[in-house]
Amino acid sequence: MNLDDVEVWIVDSSALIEAKTIVSVSNQWDAFKYLEQMVVDGLIALPRQVIREVSEIAHPDLPGAWAPGVRGLLQHPLDTGFDYLRRVTSVVPDVVDVNKPTEDADPWVLALALLLEDEGHTVCVVTKDYVDRTSISVATACDTLGIDWCPIRLFLHHCGIPLLKGKGDET
């Protein structure tokens, strides 16, 4: 996949939460303002469940405040409908983390990707979830469903956002 060909980035909860650890505190405001402009331009999509999950987990950190703050700016649907969710869970039922006490956003991220692909968009799911554990990772689910995905570090680097150096640095 050529990152320059992506029309819409679907960002999952793990990616937003990870962003605060790989972008220096002094660069976070500018980074999230840049991402906000991408939302306004229709380049980033988020399902409702990601906004809820990030605001519950990360608030009052920047990602936890940012996600609900861009809700009204989104150019793509917040909701996909249960037919897309059924498509996801019929192929990758193990993507749902049954141990989560609240609704898991991961299948909704994948459902949104399928919806936007059906609308003719070239999409890429941005995630930090690429290790299979109790449930399969978002990356494994993307691979199974034929959806492109990339790690958050690669996405932020592609956007020109300065990153902290660290282990697992894909850039």
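Modeller: Gladly, and please keep in mind that this is a predicted model.

Colleague: How many cavities of 30 Å³ or more does the structure hold, and how much space lies in the largest cavity?

Modeller: Counting cavities of 30 Å³ or more, the structure holds one. The space that lies in the largest cavity comes to about 40 Å³.

Colleague: Which helices each supply at least two residues of the lining of the largest cavity?

Modeller: The lining consists of Val-11, Ala-15, Leu-16, Ala-19, Leu-35, Ile-44, Ile-152, Phe-155 and Leu-156. By class, these lining residues are nine nonpolar, with no polar and no charged ones. The helices that each give at least two residues to this lining are H1 (13-22) and H8 (152-158).

Colleague: What is the volume of the largest pocket, and which residues of its lining are the closest to its centre?

Modeller: The largest pocket has a volume of about 390 Å³. It is lined by 19 residues, and the closest of them to its centre are Ser-14, Lys-100, Asp-106, Asp-129 and Arg-133.

Colleague: How do the residues of the pocket lining divide by class, and which helix gives the largest share of them?

Modeller: The lining of the largest pocket divides into five nonpolar, five polar and nine charged residues. Both H1 and helix H3 (48-58) supply at least two residues each to this lining. The largest share, three residues, comes from H1.

Colleague: Turning to the helix contacts, are H2 and H4 roughly parallel or roughly perpendicular to each other?

Modeller: The axes of helix H2 (residues 25-40) and helix H4 (residues 62-69) come within 11 Å and cross at roughly 20 degrees. Angles under 35 degrees count as roughly parallel, and H2 and H4 are therefore roughly parallel.

Colleague: Which residues make that contact between H2 and H4, and is the crossing left-handed or right-handed?

Modeller: From H2 the contact takes Gln-28, Trp-29, Phe-32, Leu-35, Glu-36 and Val-39, while H4 brings Leu-62, Pro-63 and Trp-66. By class, this contact of H2 with H4 has seven nonpolar residues, one polar and one charged. The crossing in which H2 passes H4 is right-handed.

Colleague: Why are H5 and H6 described as roughly perpendicular to each other?

Modeller: Helix H5 (residues 82-91) and helix H6 (residues 106-118) have axes 8 Å apart and pack at an angle of about 110 degrees. Angles of 65 to 115 degrees count as roughly perpendicular, and H5 and H6 are therefore roughly perpendicular.

Colleague: Which residues of H5 meet H6, and what classes does the contact hold?

Modeller: In H5, the residues that meet H6 are Phe-82, Tyr-84, Leu-85, Arg-87 and Val-88, and their partners in H6 include Trp-108 and Asp-118. By class, the contact of H5 with H6 has ten nonpolar, no polar and two charged residues.

Terms used. Residues numbered from 1 in each chain as written. Predicted model: local features only at pLDDT ≥ 70, side-chain atom pairs only at ≥ 80, totals over all residues. Heavy atoms only, no water. Axes fitted to C-alpha atoms, helices over the stretch in contact; angles between N-to-C directions. Helix = DSSP H or I, 4+ residues; strand = E, 2+ residues; numbered from the N terminus. Parallel < 35°, antiparallel > 145°, perpendicular 65-115°, else oblique. Contact = heavy atoms within 4.5 Å. Nonpolar A, V, L, I, M, F, W, Y, C, P; charged D, E, K, R; others polar. 1 Å grid on protein atoms, 1.4 Å probe; cavity = no way out; pocket = protein on both sides within 12 Å on 5 of 7 lines; lining within 4 Å. Points joined across faces, edges and corners; volume = space filled by probe spheres on them. Left-handed = near helix turned anticlockwise from the far one by under 90°.
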